Each structure stands twice: as C-alpha cells, then as structure tokens.
Amino acid sequence: QLQLVESGGGLVQPGGSLRLSCKASGFIVYTVDNYAIGWFRQVPGRERESVSCITSRGSSITYADSVKGRLTTSTDGALKTAYLQMNSLKPEDTGVYYCAWARQLICSDSGSDYNYWGPGTRVTISS
C-alpha cells in the first residue's frame with residue numbers, strides 16, 4: 001500500500017507563489033523504483049485537470065499548456081517527496097490540487113492511470 005499526503009496550499013494574491021509538497025509513505029515506496037507522480041486540480045463544476053507529471057528518475061516531465069512557464073515539478077527521491085512550485089499564480093489556478101502515483105515510468109494526464117491519490121490541498125488565488 002501507499003499513502004500520499006499533499007501540503008502547502010493556501011490563499012495567495014494573484015502573481016504570488018506557492019510550493020506544494022506530496023509526501024509518499026508505505027511499503028511500495030521502498031520496493032518500487034519506477035513510478036510517475038501526477039499533479040491534478042479540481043474546480044467545482046469542472047472536470048479534474050492534469051497539471052503536471054514527473055517520473056521517478058526525472059526522465060519525463062510534462063505540463064499542461066495553461067501552466068507552462070509558471071509551474072515546476074520536481075522530486076526528492078531520498079525523501080519520497082514530490083514538489084510543485086507554483087509562480088505567477090492566477091485566479092484560474094484556484095482549485096483543490098491532488099498528487100497521484102502510478103506504477104509506470106511514463107507520464108500520463110489520465111487520472112485512471114494512477115493507482116493512489118492524496119486527499120488534496122486547497123489553493124485559492126484571490127485579491
């Protein structure tokens with residue numbers, strides 16, 4: 001089993017920054033080396049949107065067009081933690097952000113490809 005916990009969400013003004021973290025724990029963390037971490041966001045009334053993805057070895061990193069140049073994803077393999085650095089935030093970035101884990105070494109923007117999900121962290125961009 002694997003557990004994911006996001007943190008770092010909050011309320012910031014437009015143009016501000018946040019750094020989200022996704023901490024993984026559980027047996028699988030220590031037995032599976034090839035995996036992908038995806039970041040998704042959910043806004044009420046809209047479909048869940050893929051924001052970014054990174055593979056465990058950093059061989060593949062993807063971003064949604066709407067966040068390219070503003071968001072950066074990374075991982076710290078030793079701490080089994082993924083990060084999403086969010087800069088130049090806009091009101092449309094508001095939502096609940098989830099990290100998800102997939103036992104595969106390729107990125108996917110489809111939520112159905114991910115095996116485990118965190119509970120989410122809320123991000124609100126407002127003046």
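1. Cys22 has a relative accessible area of 2% and is therefore buried, where buried stands for under 20% relative accessible area, exposed for over 50% and partly exposed for what lies in between, with a 1.4 Å probe and protein chains only. The structure is a predicted model, in which local features need pLDDT of at least 70 and side-chain atom pairs count only at pLDDT 80 or more, while totals for chains, interfaces and linings use all residues. Residues are numbered from 1 along each chain as its sequence is written, and side-chain values use heavy atoms, with hydrogens and water left out.

2. The partner of Cys22 is Cys99, and the two form a disulfide with an S to S distance of 2.0 Å; a disulfide is taken here as a pair of cysteine sulfur atoms within 2.5 Å. The link of Cys22 and Cys99 is right-handed, with 70° about the S-S bond. Because Cys22 belongs to strand β3 and Cys99 to strand β9, this pair ties together parts that are 77 residues apart in sequence. Strands are DSSP runs of E with at least two residues, and helices are runs of H or I with at least four, numbered from the N terminus. Cys99 counts as buried, at 0% relative accessibility.

3. A further disulfide is formed by Cys53 and Cys107, whose sulfur atoms are 2.3 Å apart, and with -90° about the S-S bond this link is left-handed. Since Cys53 is in strand β5 and Cys107 in the loop between β9 and β10, the pair ties together parts that are 54 residues apart in sequence. Cys53 counts as buried at 0% relative accessibility, and Cys107 is buried as well, with a relative accessible area of 18%.

4. The side chain of Ser108 makes a polar contact with that of Asp113, at 2.5 Å. A polar contact here is a pair of N or O atoms within 3.5 Å; within protein, one must be able to donate a hydrogen and the other to accept it, and residues adjacent in sequence count only if both atoms are side-chain atoms. Leaving aside residues up to four places away in sequence, Ser108 touches Phe40, Cys53, Asp113 and Tyr114, contact being heavy atoms within 4.5 Å.

5. Which strands pair with β9, and over how many bridges? Strand β4 (residues 36-42) is joined to β9 by 7 bridges and runs antiparallel to it, with Ile37 standing opposite Trp101. Strand β11 (residues 121-125) pairs with β9 in the antiparallel sense over 3 bridges, and there Val123 is the bridge partner of Gly95. The antiparallel pairing of β9 with β10 has 2 bridges, and Ala100 stands opposite Trp117. Two strands are said to pair if DSSP finds at least two bridges between them. As for cover, 7 of the 8 residues of β9 are buried.

6. The largest nonpolar core has 28 residues, of which Leu4, Ile37, Trp39, Leu84, Met86 and Trp101 touch the most other members. At least two residues of this core come from each of β3 (18-25), β4, β5 (49-55), β8 (81-86), β9 and β11, and β3 gives the most, with 4 residues. Apart from this core lies another, of 7 residues, among them Phe40, Cys53, Ala102 and Tyr114. A nonpolar core is a set of buried Ala, Val, Leu, Ile, Met, Phe, Trp, Tyr and Cys residues joined through side-chain atoms within 4.5 Å.

7. The count of aromatic pairs comes to 6, and one of them is the stacked pair of Tyr35 and Trp101, with 5.9 Å centre to centre and 25° between the planes. This pair links distant parts of the chain, 66 residues apart, with Tyr35 in the loop between β3 and β4 and Trp101 in strand β9. Rings of Phe, Tyr and Trp (its six-membered ring) pair if their centres lie within 6.5 Å, and planes under 30 degrees apart count as stacked, over 60 as edge-to-face and the rest as tilted. Tyr35 is buried, with a relative accessible area of 10%, and Trp101 is buried with 3%. Elsewhere, ring pairs link Phe40, Tyr98, Tyr114 and Trp117 into a cluster.
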